[in-house]
Amino acid sequence: MTVAIPQHIDLAYDFPVVFTRQAFDAANPVLADVLARAGDGPHKVGVVVDDGLAAADPGLLGRITAYAAARADRLTLAEAPLLVAGGERAKSDFSVVETVWELTHRARLCRQSFVLAIGGGAVLDAAGFGAATAHRGVRLIRMPSTVLAQNDAGVGVKNGINFFGRKNYLGSFAPPFAVVNDHALLATLPPREARAGLAEAVKVALVRDAAFFHRLEELAPRLAVLDDEALEEADICCAKAHLQHIASGGDPFELGSARPLDFGHWAAHALEEATAGALRHGEAVAVGVALDTLYSCRLGLLGEAEAEMTLALLERLGLAVWHPALAGLDMAGAIEAFREHLGGRLHLCLLAGIGARLEVHEVDLVRMDEARGILARRAQPV
């Protein structure tokens, strides 16, 4: 006998993404107010901090502890904040994930408790995976400390670590309880890291919002020197576009084909793997976006003037559109690896104009190689 019982679940999930400054100033109510969404406190909070951030901001751990003391009606620290490896080291093994698991076990954090993860996107990804898999989900509050994490990775619904030499091979879809973007934390960033995050802003503007793209062109002289106000404006606009896509794209858990935010990412992921992380994610995205922009142009989908505007904007922001690792990249293999990671049929986002996208399901490798050749010649000294 066969019995089929239909099952349908309507799921609505809200999480705030708050931009603020000096989140651990006792007078700043943002974090306490975020916790209050879970009801009266005090709420037990375990904190993990990117060690690179802690080194750049030696007073941070003290401010976290002082904030908890000042806001004792809303939160109790489970124990002193823990330092975890920052950068791609965070995703290269299980160390950060295990730190979170051990924290939840040792401090008896439950599904009503919180893990507060503070750091770059890699730390948020790894700590988020730990929180999502402890007790099948301890509430996570992300506090991103890089431009890229504040406008992209930190506001999304995914987490994960690298495994089998592949980006994000292990992970899950688990929306955070909240995201608190403290713009003041960006002051701790080396210029290279701050600049790399701008690649995601260009990407999201290209696939979703022509007005934002042209605003980035206006802001380019100030963004190139990492002007604080310009950076904050670009950061907020990018995060807003990212969030709108997750909410309205119709496929927040990526079961189908709605993946425009992966524009340029098949090559970016392959370049990160090929350079063992020496190329930052944002830097790799800039090269990937440039490559897929030129490929769109070679297919006749995008005008040459628009393609040149895109490459010029990336370069004006100080982002290279070429890396030597691209020369030897097995493009067919990289595209197949990307398809396998997403599952099913290949869905590749390309440009049909500035702010307009379309999907293709096959790649003309000859045209793609032509696009690579154009980037290589562009990188040669005049």
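A crossing of two helices is left-handed if the near helix is turned anticlockwise from the far one by less than a right angle. In this predicted model, the crossing of helices α9 and α13 is left-handed. Two packed helices are described by the angle between their axes and the distance between the axes. For α9, which covers residues 198-208, and α13, which covers residues 281-298, the angle is about 35° and the axes lie 8 Å apart. On the α9 side, the residues that make the contact are Ala199, Glu200, Lys203 and Leu206. They meet His281, Gly282, Val285, Ala286, Val289 and Thr293 in α13. Sorted by class, this contact has 5 nonpolar, 3 polar and 2 charged residues.

The next stop is a pair of strands. Strand β7 (residues 158-163) runs antiparallel to strand β8 (residues 166-173), and 5 bridges join them. Among the residues involved, Asn159 has Ser172 in β8 as its bridge partner. The two strands form a hairpin with 2 residues between them, and Phe164 in this hairpin takes a positive phi near 55°.

Phe164 also belongs to an aromatic cluster, together with Phe94, Trp101, Phe163 and Tyr169. In total, the structure holds 7 aromatic pairs. Another ring, that of Phe177, has a charged group over it: the charged end of Arg37 sits 4.6 Å from the ring centre.

Gly353 has Ala356 in β11 as its bridge partner. This hairpin has 2 residues between its strands, and Gly355 in the turn has a positive phi of about 85°.

What kind of peptide bond joins Gly41 and Pro42? The bond is cis, with omega about 5°. Pro42 is in the loop between α1, residues 30-36, and β2, residues 43-50. The other loop lies between α5 (95-106) and β5 (114-119), and Arg108 is found there. Phi of Arg108 is near 55°, a positive value in a residue other than glycine.

Notes. Residues numbered from 1 in each chain as written. Predicted model: local features only at pLDDT ≥ 70, side-chain atom pairs only at ≥ 80, totals over all residues. Heavy atoms only, no water. Pairing = 2+ DSSP bridges. Helix = DSSP H or I, 4+ residues; strand = E, 2+ residues; numbered from the N terminus. Axes fitted to C-alpha atoms, helices over the stretch in contact; angles between N-to-C directions. Contact = heavy atoms within 4.5 Å. Nonpolar A, V, L, I, M, F, W, Y, C, P; charged D, E, K, R; others polar. Phe/Tyr/Trp six-rings, centres within 6.5 Å; stacked < 30°, edge-to-face > 60°. Lys NZ or Arg CZ within 6 Å of the ring centre and 35° of its normal.
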